[in-house]
Amino acid sequence: MNNSETKNANYLTLQKQKRGIRITIAILLLFIIAVLVGFVNKMNQPRVITDSELRLNGTVKLQRARIIDNFQLLSDTGEVFQIENLSGNWSLIFFGFTHCPDVCPTTLTTLNNFYQLLDEDTRKDTNIILVSVDPKRDKPETLHDYVRYFNSDFLGVTGDFIEIKRFASQLNVPFNKVMLDDGNYTMDHGSQVVLINPLGHYHAFFKAPLDPAKMKLTFRSIRATFNG
């Protein structure tokens with residue numbers, strides 16, 4: 001083999017080596033990408049936890065979801081709000097009122113923080129609803145502006161006092177009118193947030209004090225194990 005042929009052979013060998021290195025690097029990059037995609041996907045999957053872990057994180061799931069009798073209330077847009085409005089989505093319901101000095105604004109702020117932690121797809125079928133325990137003062141337009149101050153996606157519900165009382169009783173949420181020394185009144189009410197499943201059944205509740213991160217953990221777990 002002459003000098004020219006030797007150079008040509010060495011060149012071809014070098015090109016094969018370079019091609020082999022490039023292929024090896026490409027395979028390694030694809031493997032790394034696949035591992036990263038799998039890791040990200042796993043991180044985005046909800047972690048299923050036990051009922052005792054749910055309770056430790058502030059959420060109590062009912063042993064059997066409770067069917068709710070129909071009710072006739074009024075949404076803050078002036079439309080009828082009843083049991084069918086709770087079907088098809090997950091609903092977090094808090095009973096409060098617009099004149100509440102501390103618990104209600106704190107709770108709604110926390111619910112907004114929780115809502116912002118959810119991914120876009122989860123938010124699409126998750127409703128946050130404030131049911132007023134003070135319908136005398138909380139007319140639809142007042143409630144509309146109040147709840148949307150915290151989040152434009154939130155919904156307010158009011159209506160006849162007796163209907164609200166009956167609805168709240170089904171969800172084990174107490175409330176009472178308390179007269180003040182100056183002749184005005186306030187409302188004493190439960191601070192739990194009730195979770196309604198897409199069948200419109202009472203599924204669980206979040207205990208106060210609420211923690212957005214813990215709520216996200218338990219909510220995603222409950223959704224993942226729902227067989228409705």
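The legends below describe close-up views of one predicted model.

Residues are numbered from 1 along each chain as its sequence is written. As the model is predicted, local features need pLDDT of at least 70 and side-chain atom pairs count only at pLDDT 80 or more, while totals for chains, interfaces and linings use all residues; side-chain values use heavy atoms, with hydrogens and water left out.

**View 1. The chain as a whole.**
Seven helices and ten strands make up the secondary structure of the chain. Helices (H or I, at least four residues) and strands (E, at least two) are DSSP runs, numbered from the N terminus. The chain has 228 residues, and 39% of them count as buried. Buried stands for under 20% relative accessible area, exposed for over 50%, and partly exposed for values in between (1.4 Å probe, protein chains only). The accessible surface of the chain is about 13200 Å², and carbon and sulfur atoms account for 55% of this surface. Accessible areas come from the Shrake-Rupley method with a 1.4 Å probe, and for residues only the protein chains shown count as cover. Among contacts between residues at least 6 apart in sequence, 70% join residues at least 24 apart; a contact means heavy atoms within 4.5 Å.

**View 2**
Eight strands form an open sheet with mixed pairing, in the order β1-β10-β9-β4-β5-β6-β2-β3. Two strands pair if DSSP finds at least two bridges between them. The edges are β1 (59–67) and β3 (80–81); each has a single partner strand, so one side of each is left without a neighbour in the sheet.

**View 2. Two helices on the sheet.**
Helix α3 (residues 103–117) packs on the sheet and touches β4, β5 (126–132) and β9. The direction of α3 makes about 165 degrees with that of β4. Helix α5 (residues 140–150) lies across β2 (73–75), β5 and β6 (155–158), and runs at about 150 degrees to β6. For these angles, axes are lines fitted to C-alpha atoms, for helices over the stretch in contact, and the angles run from 0 to 180 degrees between N-to-C directions.

**View 3. Strand β9 between its two partners.**
On one side, β9 is joined by four bridges to strand β4 (residues 90–96), and the two run antiparallel. Leu-195 in β9 stands opposite Leu-92. β9 also pairs with β10 in the antiparallel sense, over four bridges, and there the bridge partner of Leu-195 is Ala-204. Val-193 and Leu-195 point one way from β9, whereas Val-194 and Ile-196 point the other way; all are buried.

β9 and β10 form a hairpin with four residues between them, and Gly-200 in the turn has a positive phi of about 85 degrees. Asn-197 is in the loop between β9 (193–196) and β10 (201–206). With a relative accessible area of 1%, Asn-197 is buried. The side chain of Asn-197 reaches the backbone nitrogen of Leu-199 at 2.9 Å. Not counting residues up to four places away in sequence, Asn-197 touches Ala-65, Leu-86, Asn-89, Trp-90, His-203 and Phe-226.

The structure holds seven salt bridges. A salt bridge is a side-chain nitrogen of Lys or Arg within 4 Å of a carboxyl oxygen of Asp or Glu. Side chains of opposite charge can pair when their charged atoms come close. One of the salt bridges joins Lys-61 and Asp-51, at 3.5 Å from N to O. Lys-61 lies in strand β1 and Asp-51 in helix α2 (residues 51–56), so the pair ties together parts that are ten residues apart in sequence. Lys-61 is partly exposed at 26% relative accessibility, and Asp-51 is partly exposed at 36%.

Lys-124 forms a salt bridge with Asp-121, and the closest N and O atoms are 4.0 Å apart. Both residues lie in helix α4 (residues 120–124), three residues apart, or about one turn of the helix. Lys-124 is exposed, with a relative accessible area of 59%, and Asp-121 is exposed at 56% relative accessibility.

Asp-134 and Arg-137 meet through their side chains in a salt bridge, at 2.6 Å from N to O. Asp-134 is buried, with a relative accessible area of 2%, whereas Arg-137 is partly exposed at 24% relative accessibility.

Conventions
Polar contact = N/O pair within 3.5 Å; in protein donor to acceptor, adjacent residues only side chain to side chain.
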